[in-house]
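Please work through each task with the structure open before reading the solution.

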Amino acid sequence: MTATVEDSVRPATGHAVRLAGVHKSFGQGRRTLAALAGVDLDVAPGEFVCLLGASGCGKTTLLNLIAGLDRPSAGTIELNSSRPAVMFQEAALMPWLTAAANVELPLRLAGVPRAARKSRTGELLELVRLDGAGRKRPHELSGGMRQRVALARALASALHTSDEAASRPSLLLMDEPFSALDAITRDVLQGELLRVWRTTGTAVVFVTHDVREAVRLGQRVVLLSSRPGRVVQQWPVGGLSAPEERALTETINQRLREVISSHAAA
Ligand SMILES: Nc1ncnc2c1ncn2[C@@H]1O[C@H](COP(=O)(O)OP(=O)(O)OP(=O)(O)O)[C@@H](O)[C@H]1O
């Protein structure tokens, strides 16, 4: 069955996003490549879910489908947010715009009036602790600061009016956003992301290769199989003591290694 835009992406009730039997193939005939094969996944409003899986198992493909950047070959995606925001590994800021203007851009494109734009941009820069750097251009910022700008911009596009934020919980899709950063900056930004998530109440789907990162950030860790990706196991996390967190990280690492080696042996 091939899904159309109309039947594959619908508004959801009670979930930030719900995927049912999502398949995605690229190419045609003998050159068809199955990237995803029957993904079922529910994310609750405000929930933080980390998606983990081997390289090439379809994690980015899945985020692209949820973001509406591509369409599933089959299955349905129900969204409770009109515009999921996406944040990638690279900040991809407009180099000629200041940090503040980059954050303001989605608000401008959405037609938000000037005064509301300015005040929202100020709040978001403060939220990511960049209120002193709004007039700087991307080349004047460190990699970590650029990712903070990208986070503020993603939040601007996810929560561009207070009405929408109140009535339709938003969804933030993050594709390995900290993997290009050094370990210390990454650690700081993970803490900052958790603070921002608690402040905004947005649901997050966070893709990573890094089991420790997934266990630190998520309320739930979802493991995808090797390509074609589908959900093979899930673990609730959060509220764990440090030794419990270490033990769970080891368990998930072991399972990830099994998933990768079963694919290599196939
Ligand atoms: N537009 C496309 N056309 C053809 N093949 C594609 C396309 N996009 C992705 N693929 C293929 O689909 C598979 C899944 O890719 P995807 O980027 O989703 O994996 P991933 O899990 O995000 O990988 P990584 O962890 O290495 O970033 C790969 O084999 C990739 O080559």
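A crossing is left-handed if the near helix is turned anticlockwise from the far one by less than a right angle, and right-handed if clockwise. Helices (H or I, at least four residues) and strands (E, at least two) are DSSP runs, numbered from the N terminus. This is a predicted model, in which local features need pLDDT of at least 70 and side-chain atom pairs count only at pLDDT 80 or more, while totals for chains, interfaces and linings use all residues. Residues are numbered from 1 along each chain as its sequence is written.

**Exercise 1. Describe how α4 packs against α5.**

Step 1. Axes are lines fitted to C-alpha atoms, for helices over the stretch in contact, and angles run from 0 to 180 degrees between N-to-C directions. On this basis α4 and α5 pack at an angle of about 135°, and their axes are 9 Å apart.

Step 2. Angles under 35 degrees count as roughly parallel, over 145 as roughly antiparallel, 65 to 115 as roughly perpendicular and the rest as oblique. The angle therefore makes α4 oblique to α5.

Step 3. The crossing in which α4 passes α5 is right-handed.

Step 4. Two residues are in contact if their C-beta atoms, placed from the backbone, lie within 7 Å. From α4, the contact is made by Arg-120, Leu-124, Leu-125 and Leu-127, and from α5 by Ala-152, Leu-155 and Ala-156.

Step 5. Ala, Val, Leu, Ile, Met, Phe, Trp, Tyr, Cys and Pro count as nonpolar, Asp, Glu, Lys and Arg as charged, and the others, Gly among them, as polar. The contact of α4 with α5 has six nonpolar residues, no polar residues and one charged residue.

**Exercise 2. Describe the packing of α3 and α5.**

Step 1. Helix α3 (residues 99-109) and helix α5 (residues 143-158) have axes 7 Å apart and pack at an angle of about 20°. That angle makes α3 roughly parallel to α5.

Step 2. α3 and α5 form a right-handed crossing.

Step 3. Ala-99, Asn-102, Val-103, Leu-105, Pro-106 and Leu-107 of α3 meet Val-149, Ala-152, Arg-153, Ala-156 and Ser-157 of α5. By class, this contact of α3 with α5 divides into eight nonpolar, two polar and one charged.

**Exercise 3. Describe the packing of α3 and α4.**

Step 1. The angle between α3 and α4 is about 130°, with their axes 9 Å apart. α3 and α4 are therefore oblique to each other.

Step 2. The crossing of this pair, α3 and α4, is right-handed. Ala-100, Val-103, Glu-104, Leu-107 and Arg-108 of α3 make the contact with Arg-117, Arg-120, Thr-121, Leu-124 and Leu-125 of α4.

Step 3. Five nonpolar, one polar and four charged residues form the contact of α3 with α4.

**Exercise 4. State how the protein chain is divided into domains and which elements of domain 1 touch domain 2.**

Step 1. Domain bounds come from an automatic or database domain assignment. Domain 1 covers 1-82 + 169-266, and domain 2 covers 94-167.

Step 2. In the contact, 15 residues of domain 1 meet 12 residues of domain 2. On the domain 1 side, β7 (171-175) and α7 (183-200) each supply at least two residues, and α7 gives the most, with seven residues.

Step 3. The residues of that side of domain 1 divide into nine nonpolar, five polar and one charged.

**Exercise 5. Identify the residues around the ligand.**

Step 1. A residue is near a molecule or strand if its C-beta atom, placed from the backbone, lies within 6 Å of it. The residues around the ligand are Phe-26, Leu-33, Ala-35, Gly-53, Ser-55, Gly-56, Cys-57, Gly-58, Lys-59, Thr-60, Thr-61 and Arg-227.

Step 2. β3 (33-43) and α2 (59-67) each supply at least two residues of this shell; the largest share, three residues, comes from α2.

Step 3. The shell divides into four nonpolar, six polar and two charged residues.
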